[in-house]
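Biologist: Could you walk me through this one? I'd like to go over a few pieces of it with you.

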Amino acid sequence: AIKKGQGNDPDSNYEEVRYEGYGPEGVAIIVEALTNNKNRTAAEVRSIFSKYGGNLGETGSVSFGFERLGNISLNKDLVKEEDLFNFLVENETDDYEATDNEYLIYCDQNKLHNLNDKIINNYGQTNYSNLIWKSKNSINIDKETADKLFKLLEILEDNDDVQVVSSNFEVDEDVMSSLTS
């Protein structure tokens with residue numbers, strides 16, 4: 001009983017839990033965790049939120065502002081953008097973005113596995129495929145808010161039970177470069 005209460009019982013069942021809340025300046029945050037002790041994890045997440053300028057909300061308090069999508073990353077050197085675009089239109093994907101090195105492809109969460117297999121068969125190995133929470137509307141934040149928010153997100157991600165942290169913030173490149181220098 002003591003082992004179970006501490007959450008250290010190796011035979012206990014792990015379950016997925018989702019926490020939703022707000023960071024500095026009302027930035028929405030979704031925390032997905034895998035835990036064998038929901039009470040411990042909830043207390044830890046609540047404590048992190050309050051200690052670093054946020055507050056934990058009720059389930060559904062921020063997720064309405066996000067979409068649950070499949071996300072696939074593919075190296076740019078494997079396919080020309082025009083060919084990939086045509087492939088993505090034929091396969092009814094939601095969207096894609098091109099960065100310096102890769103394509104980020106978004107699709108219906110139920111089509112993720114099938115689409116990833118088709119991409120691998122046509123163009124080669126993908127970097128990853130997973131489910132994400134993609135924000136419908138982003139909040140642009142300043143340097144001071146970014147400092148606070150990044151500390152909150154870092155501490156959340158360092159928690160052993162936390163698997164993924166999603167948020168709806170944007171930072172201008174000049175603010176980002178001032179934070180990293």
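Biologist: Is Asp 95 buried, partly exposed or exposed?

Modeller: Keep in mind that this is a predicted model. Buried means under 20% relative accessible area and exposed means over 50%. Asp 95 has 36% relative accessibility, so it counts as partly exposed.

Biologist: Which side chain meets Asp 95 in a salt bridge?

Modeller: Asp 95 sits in strand β5, and its partner is 39 residues away in strand β7. The gap from N to O is 4.0 Å, and the partner is Lys 134.

Biologist: What is the order of the strands in the open sheet of four?

Modeller: Start at the edges: β5 (95-98) and β7 (128-135) each have a single partner strand, so one side of each has no neighbour in the sheet. The pairing is antiparallel, and the order is β5-β6-β4-β7.

Biologist: How many bridges join strand β4 to strand β6?

Modeller: Those two run antiparallel, with β4 covering residues 66-75 and β6 covering residues 102-108. Asn 71 stands opposite Tyr 106 in β6. The number of bridges joining β4 to β6 is seven.

Biologist: At about what angle to β4 does helix α4 run?

Modeller: Helix α4 takes in residues 112-123 and lies across β4, β6 and β7. Its angle to β4 is about 15°.

Biologist: Is Ser 166 buried or exposed?

Modeller: Ser 166 is in strand β9, and its contacts beyond four places in sequence are Ala 28, Ile 29, Ile 30 and Trp 133. The cut-off for buried is under 20% relative accessible area. Ser 166 has 8% relative accessibility, so it counts as buried.

Conventions: Residues numbered from 1 in each chain as written. Predicted model: local features only at pLDDT ≥ 70, side-chain atom pairs only at ≥ 80, totals over all residues. Heavy atoms only, no water. Pairing = 2+ DSSP bridges. Contact = heavy atoms within 4.5 Å. Axes fitted to C-alpha atoms, helices over the stretch in contact; angles between N-to-C directions. Buried < 20%, exposed > 50% of the residue type's maximum accessible area, 1.4 Å probe, protein only.
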